[in-house]
Amino acid sequence: MTVFGRVLFPTDFSAYANAVFACLPELQPAGLREVVLAGIIREGDVPFPETVNRDSMERVRWSMEENLNVARMALEGHGLRVITRIEYGPPAMSIVRVAEEERVELIVMGAQGKTVAQELLLGSVAHAVVRQSTLPVLILKFTVVREMGHVNCNRVCTDLLARVLHPTDFSDCAQAAFQIVKRLKAAGTRQVTVLHVQDERVMEQRTPDQLVAFDRIDTERLASLCNALVLFGLRATPLLKHGIPSRETLEVADEVEPCLIVLGSQGRTAMQEALTGSTLETVVRLCRQPVLVVRHDSSLNGSMHGQEGRER
């Protein structure tokens, strides 16, 4: 079953980016057949003064082309089709634009990285792409160990899709992510933990009878989602927690040790919420595990902000 047939991988050829690159063939069971490799050159990557800028630009471009060709041949060795592109401009904006132009189904990035000159795919760029893109974004994470001038990137889980944690608030945004989770069995996913966190900041205003009723409703909703996953051949475990959603999600991630966290989020229309510290933003920044953010276009179905995407 094809989940992501065509993906974009923007790279700066740092040790961290190379570690992410090595994981791309693992997406083949999810249907990966074609990769768009994008090298993005910023103004800051080219030395000044302006009189030598043209020659410097050519050297940077030549180096980028060489690295892209080596990467292309490596992926072709895995039976993948590869397109290479070099772009000039702000990294996050360029990545989002190329993804839309190439009509990819997924953007794969690392949360860190450095070019020869300055940072390129650092967390700030990766998270800017998450906020701006309406396409799914997969952020791979590694433990970085620097020893004697060398950088080693160690994976949290060596089987990217084996165990999935899916936090949900039962909104349309979460439902979009759930549709992806249902299709992951063919990609090698064996176990899914479906998590819902009742926000204690909202629940403290409710009566004891209301809290009991909400627990019952949410338990039934979780059971329904898990039953749907079982029908798709997945083992599924429901988990209901109370507390601050981002904090509880991070704690559960440390407890169940998923290989991937799959989250739903609104696209560009949710910019203000993302910038003010949403649950998604916090989880993506602080979790140790790879994160797949699946976009939902709220303009199609209406905004679903708020507790569980329903009146309480």
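In which sense do β5 and strand β12 pair, and over how many bridges? They pair in the antiparallel sense, over three bridges. The model behind these views is predicted.

**View 1. Strand β5 and its two partners.** Strand β5 spans residues 137–140. Strand β12 covers residues 291–296 and pairs with β5 in the antiparallel sense. Here Leu-138 has Leu-292 of β12 as its bridge partner. Strand β4, residues 106–110, also pairs with β5, but in the parallel sense and over four bridges. Ile-107 stands opposite Val-137 of β5.

**View 2. The two faces of β5.** Both faces of this strand are covered. Val-137 and Ile-139 lie on one side, and both are buried. Leu-138 and Leu-140 lie on the other, and they are buried too.

**View 3. The largest nonpolar core.** This core has 85 residues. Leu-138 and Leu-292 are among those with the most contacts inside it. In soluble globular proteins, nonpolar side chains tend to be buried together.

**View 4. Around Leu-292.** Setting aside neighbours within four places in sequence, Leu-292 is in contact with residues including Phe-4, Leu-106, Pro-136, Val-137 and Leu-138. Its contacts also include Ile-180, Leu-260, Ile-261, Val-262 and Leu-263.

**View 5. A buried charge, Glu-248.** Glu-248 sits in helix α8, residues 245–256. Glu-248 is buried, yet has no salt bridge. The nearest side chain of opposite charge is Lys-241, 5.1 Å away. Not counting residues up to four places away in sequence, Glu-248 touches Val-197, Lys-241, His-242 and Gly-243.

Terms used. Residues numbered from 1 in each chain as written. Predicted model: local features only at pLDDT ≥ 70, side-chain atom pairs only at ≥ 80, totals over all residues. Heavy atoms only, no water. Buried < 20%, exposed > 50% of the residue type's maximum accessible area, 1.4 Å probe, protein only. Pairing = 2+ DSSP bridges. Core = buried A, V, L, I, M, F, W, Y, C linked by side-chain atoms within 4.5 Å. Contact = heavy atoms within 4.5 Å. Lys, Arg positive; Asp, Glu negative; His and termini not counted. Salt bridge = Lys/Arg side-chain N within 4 Å of Asp/Glu carboxyl O.
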